[in-house]
Amino acid sequence: MAATSVNAEALKESPIPEVVQPKASKQTIDPYNVQGEVGADGIVKAIDYKKLVEEFGTKLIDEELLTRFERVTGKKPHRFLRRGIVFSHRELEVILDRYEKGEPFFLYTGRGPSSDAIHIGHTVPFTFTKWLQDVFDVPLVIMLTDDEKYLFSEKRTIEEVMGYCNSNAKDIIAVGFDPAKTFIFSDFEFMGGAFYKNCVRISKHITLNQARAIFGFNESSNIGRIHFGAIQGASSFANSFPFIFGDDEKKTCAIPALIPCAIDQDPYFRMTRDVASRIKFAKPSMIHAKFLDALQGPGTKMSASIDESAIFMKDTPNQIKNKINKYAFSGGKVSQEEHRAQGGRTDVDVSFQYLRFFLEDDDELERIRQQYESGKMLTGELKAICIKELQQYVGEFQELRQKVDDETVKLFMSERPLKWVGNPHAPRVVPQVVPAGDAAANGGEEGAGDGKLTKNQLKKLEKQKQIEAKKAQKAKEKDGKTAAPAAEA
């Protein structure tokens, strides 16, 4: 498949990538390729995100938008927002407008099940999405694109990718999503009905030339790949999920999605936004995250198939320690004397960059930055801090992951009404779908079941809520311990 840039105008919504001749020196960011520019010296450069914003036609998240976010939600922005890790958006302000007015919207994100193990980079969008779900108190749909992973691989079988779905669903659930507000689905299993209608609606409005311009397809591309963009886009329309939002399409087609994703997924939804405007559906909004560099350094991306490229969520504490010490690219100088005199570069140092993603304490992160850049902190000391933080992060995940079983997965993947409140200070504009006899109509009360779940599923729902409560309590206690030394100082 040819690499793509993002300069052509195949659709009205925004600039669309044109097909370019692959060159080793070019930065390549699209749904299938993530590669920083390679200089004449053969060194891979860090990804130029400002250039991506210009080429994709998105907007940077600025301080004014962050201030408004905090004012509207009453919540301090997530560390990803504060540190520019989640850095770009398409019409996030529209979602904030709707939240202020009590108008409905929902969250949509996904995962391509390409292996039975996820790495820390995979958890970034899910961690942020979970936070958004807590802040906005809205329904969430999570798509497992098993069909995509089959279509875009010459070796994988349908049975293989579907097998990964169960394992990946457990990993996603372990992040801490609320089962009362979350629906997870496999494309292979969910396809049909209202969802398929929207797949067809989108595909009818995308020509072969447009698909080529957006994704770089050519005469050798199978037609399943060409059509997949319609499937990916269909989940951003609320009327694809009548059991959540109701059967009245006049209302549900006006409910937009907010899609947290990595910036390489933007072409799919840029295409979807153009189609939405033509069929008079609500256009999805997007909020984009930067990539977590592979252990090898700037401009590289973690790979589920290359163990040395990433910290995996199944790694032991000793494996994490060995990987950071052996493979993590350093921004330090060649000798200790030179490092003490000149300091290190935190902008390229992998250990520091991982701390930017996973260390919550802003003051501690700044202290580490100053110490390392001044030369007072050596690379070994920085790596030790990173190792400790990642060991704790992965360890907490593994503890929760052990409690997620097949019955819990069935609960999250069962078609059922979801329960949410939205903005508690604004009147609900569109009522929720609720089962007959449920006193929790319009979000007035938390209910466990929908009349279709088994007793075991209801027990799992309560169990999952308890797990989430324990995780929240641990986080609270951790914050308290962190705050204590600061108070004493």
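Contact here means heavy atoms within 4.5 Å. The structure shown in these views is a predicted model.

**View 1. Helix H5 lies across strands of the sheet.** Helix H5, residues 120-136, lies across S4, S5 (106-111), S6 (140-144), S7, S8 (257-262) and S9. Its direction makes an angle of about 165° with S5.

**View 2. An open sheet is built from 7 strands.** The strand order is S3-S4-S9-S8-S5-S6-S7, and the pairing is mixed. Strand S3 (59-60) and strand S7 (182-186) are the edge strands; each has a single partner strand, so one side of each lacks a neighbour in the sheet.

**View 3. Strands S4 and S9 run antiparallel.** Strand S4 covers residues 86-90 and strand S9 covers residues 285-289, with 4 bridges joining them. Val 86 has Ala 289 in S9 as its bridge partner. In general, strands of a sheet pair through backbone hydrogen bonds.

**View 4. Tyr 150, Met 162 and Phe 188 make up a nonpolar surface patch.** Together, these residues have about 230 Å² of accessible area. Tyr 150 belongs to helix H6, residues 146-151. Because its relative accessibility is 33%, Tyr 150 counts as partly exposed, a class that lies between buried (under 20%) and exposed (over 50%).

**View 5. The whole chain, for orientation, has 21 helices and 11 strands.** Of its 489 residues, 54% count as buried. The accessible surface comes to about 21,800 Å², and carbon and sulfur atoms account for 50% of that area. Among contacts with a separation of 6 or more, 75% are between residues 24 or more positions apart.

Technical notes. Residues numbered from 1 in each chain as written. Predicted model: local features only at pLDDT ≥ 70, side-chain atom pairs only at ≥ 80, totals over all residues. Heavy atoms only, no water. Pairing = 2+ DSSP bridges. Helix = DSSP H or I, 4+ residues; strand = E, 2+ residues; numbered from the N terminus. Axes fitted to C-alpha atoms, helices over the stretch in contact; angles between N-to-C directions. Patch = residues over 30% accessible without salt bridge, like charges linked within 9 Å, V, L, I, M, F, W, Y side chains within 5 Å. Areas by Shrake-Rupley, 256 points an atom, 1.4 Å probe, with all protein chains shown as cover. Salt bridge = Lys/Arg side-chain N within 4 Å of Asp/Glu carboxyl O. Buried < 20%, exposed > 50% of the residue type's maximum accessible area, 1.4 Å probe, protein only.
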